[in-house]
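Let's take a walk through this protein chain together. Have the sequence and the 3D view open, and pick out each residue as it comes up.

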Amino acid sequence: MCEPISITMGIMSAVGTIASTMEAQKAADAKVKAQERMGKNAIIGAQHEQNSLRIKQGQEKRASAAEEQRSDSAAERAKAGAAAAAAEGNVSGASVDSLLQSYDAENGRYKSATQKQQSFKDVGTELALQGTDIQLTQNLEAYSTPVAGPSYLAAAANIGASSASAYGSGMDRVAARET
């Protein structure tokens, strides 16, 4: 028969192990929820970043198109003014045609440069979008690391060892009293 002290020690040890295991499980559950929340926030953040980049790209394209229209209008006004001046002065021929063509050529070069610049901006936007995808993937991988929970086998072994130790201590006390 075991002593009450030994039984109490065994029970206390088992209760402590169970409480410790339950707390470890709660901590693991909380970490999993935090990882899920961080993953969702990373996705939302990446979506906002990509939307922002697309909006900026659209604004840049509209500004580039408006600049090309202004250039076309300015070239047409310059050509009309040159043609009117030539007509007033009774000037015609190759020199007038050459002047009008130079306005068209200058406008063409300006529009070409504007389109190249927009093309470079588009490449930059695409690279930035790829960067947000890569960053999102890295974040999701970091947030999805396995969470170690408590070892129920170790807890059971600890309870068994404590119980055996308490039983052994009790038996030793009983044997010591009988002698």
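## A charged trio

Let's start with Asp104, which counts as partly exposed at 37% relative accessibility (buried means under 20% relative accessible area, exposed over 50%, and partly exposed in between, using a 1.4 Å probe and protein chains only). Asp104 makes a salt bridge with Lys79, and their closest N and O atoms are 3.0 Å apart. To count as a salt bridge, a side-chain nitrogen of Lys or Arg has to be within 4 Å of a carboxyl oxygen of Asp or Glu. This pair ties together distant parts of the chain, since Asp104 is in helix α2 and Lys79 in helix α1, 25 residues apart. Helices here are DSSP runs (H or I, at least four residues), as are strands (E, at least two), and they are numbered from the N terminus.

Lys79 has another partner: the side chains of Glu76 and Lys79 meet in a salt bridge too, at 3.8 Å from N to O. Glu76 and Lys79 both lie in helix α1, three residues apart, or about one turn of the helix. Is Lys79 buried or exposed? With 18% relative accessibility, Lys79 counts as buried, while Glu76 at 47% is partly exposed. Put together, Glu76, Lys79 and Asp104 form a linked network of salt bridges.

## Where the model comes from

Before going on, a quick note: this is a predicted model, where local features need pLDDT of at least 70, side-chain atom pairs count only at pLDDT 80 or more, and totals for chains, interfaces and linings use all residues. Residues are numbered from 1 along each chain as its sequence is written, and side-chain values use heavy atoms, with hydrogens and water left out.

## The overall picture

How many helices and strands does the chain have? The secondary structure comes to three helices and zero strands, running α-α-α from the N terminus on. The radius of gyration is 41 Å, well over the 16 Å that the globule rule gives for 179 residues, so the chain is more spread out than a compact globule. That radius is taken over C-alpha atoms, and the globule rule is 2.2 Å times the number of residues to the power 0.38. Along the principal axes, the C-alpha atoms fill a box of roughly 140 × 15 × 15 Å.

Of the 179 residues in the chain, 22% are buried. Now look at contacts (heavy atoms within 4.5 Å): among those between residues at least 6 apart in sequence, 92% join residues at least 24 apart. The accessible surface comes to about 12,200 Å², and 59% of that belongs to carbon and sulfur atoms. Such areas come from the Shrake-Rupley method with a 1.4 Å probe, and for residues, only the protein chains shown count as cover.

## Along helix α1

Helix α1 covers residues 4–88, and Ile11 sits in it.

What does Gln57 touch? Leaving out residues up to four places away in sequence, Gln57 touches Gln118, Asp122, Thr125 and Glu126.

Then there's Glu67, which forms a salt bridge with Arg70, their closest N and O atoms being 2.7 Å apart. Being three residues apart in α1, Glu67 and Arg70 are separated by about one helical turn. Glu67 is partly exposed at 24%, and so is Arg70 at 48%. The whole structure holds seven salt bridges.

## The loop and the other helices

Asn90 is in the loop between α1 and α2. Its phi is near 55 degrees, a positive value in a residue other than glycine, and Asn90 is exposed at 71% relative accessible area.

Next, α2 has 50 residues that should span 74 Å at 1.5 Å a residue, and its end C-alpha atoms are 72 Å apart, which agrees. The expected span is 1.5 Å times one less than the number of residues. Buried residues of α2 include Val96, Leu100, Gln118 and Asp122.

Finally, the 27 residues of α3 (152–178) should span 39 Å, and the end C-alpha atoms are 39 Å apart, in agreement. In α3, Ala155, Ser162, Ala166, Gly170 and Val174 are buried.
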